[in-house]
Amino acid sequence: MLLKNAIKKLENAGYTISSNLGSYIATLNGVTISFHSRGEKTSNFTYDSDSSCAPTYGLNLKQAMN
C-alpha cells in the first residue's frame, strides 16, 4: 500500500498520526496502529489497544482498522 494512502485512510477515520524517521503511530480512543515506511510504500501494520493483552503484528490496514 502506498504510504500516503494509508495516512489518508487513517486520518479520514479520525486517527491522529505522529511520525519519527519513517516510523508512524496512529491513535484513536485507546487504539494504536503502528507501521513503518519503506520508501513510498508500507505494509505490516501492528494493532494494539488498551483492552488487548498483546499487539497483533503483520496485518494489512483494513484488518488493523477493524
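Me: Why is Thr46 called buried?

Reply: In this predicted model, Thr46 has a relative accessible area of 15%. Buried means under 20%, so Thr46 is called buried, at 15%. Thr46 belongs to strand 4, residues 41-49.

Me: What does Thr46 contact, leaving aside its neighbours within four places in sequence?

Reply: Thr46 is in contact with Thr32, Ile33, Ser34, Pro55, Thr56 and Tyr57, once neighbours within four places in sequence are left aside.

Me: Why is Ser18 called partly exposed?

Reply: The relative accessible area of Ser18 is 42%. Partly exposed lies between under 20% for buried and over 50% for exposed, so Ser18, at 42%, is partly exposed. Ser18 sits in strand 1, residues 16-20. Not counting residues up to four places away in sequence, Ser18 touches Ser23, Tyr24 and Ile25.

Me: How far apart are Ser18 and Ser34 in sequence and in space?

Reply: They are 16 residues apart in sequence, and 9.7 Å apart in space, C-alpha to C-alpha.

Me: Which residues touch the most other members of the largest nonpolar core?

Reply: Leu10, Tyr15, Ile33, Phe35 and Phe45 do, out of 14 residues in that core. Helix 1 (3-12), strand 2 (23-28), strand 3 (31-38) and helix 2 (61-65) each supply at least two residues of this core. The largest share, 4 residues, comes from helix 1.

Me: What does Phe45 touch, not counting residues up to four places away in sequence?

Reply: Among the residues Phe45 touches on that count are Met1, Ala6, Ile33, Phe35, Tyr57, Leu59, Leu61 and Ala64. Phe45 also touches Ser34, Thr56, Gly58 and Asn60.

Notes
Residues are numbered from 1 along each chain as its sequence is written. This is a predicted model: local features need pLDDT of at least 70, side-chain atom pairs count only at pLDDT 80 or more; totals for chains, interfaces and linings use all residues. Side-chain values use heavy atoms; hydrogens and water are left out. Buried means under 20% relative accessible area, exposed over 50%, partly exposed in between (1.4 Å probe, protein chains only). Contact means heavy atoms within 4.5 Å. A nonpolar core is a set of buried Ala, Val, Leu, Ile, Met, Phe, Trp, Tyr and Cys residues joined through side-chain atoms within 4.5 Å.
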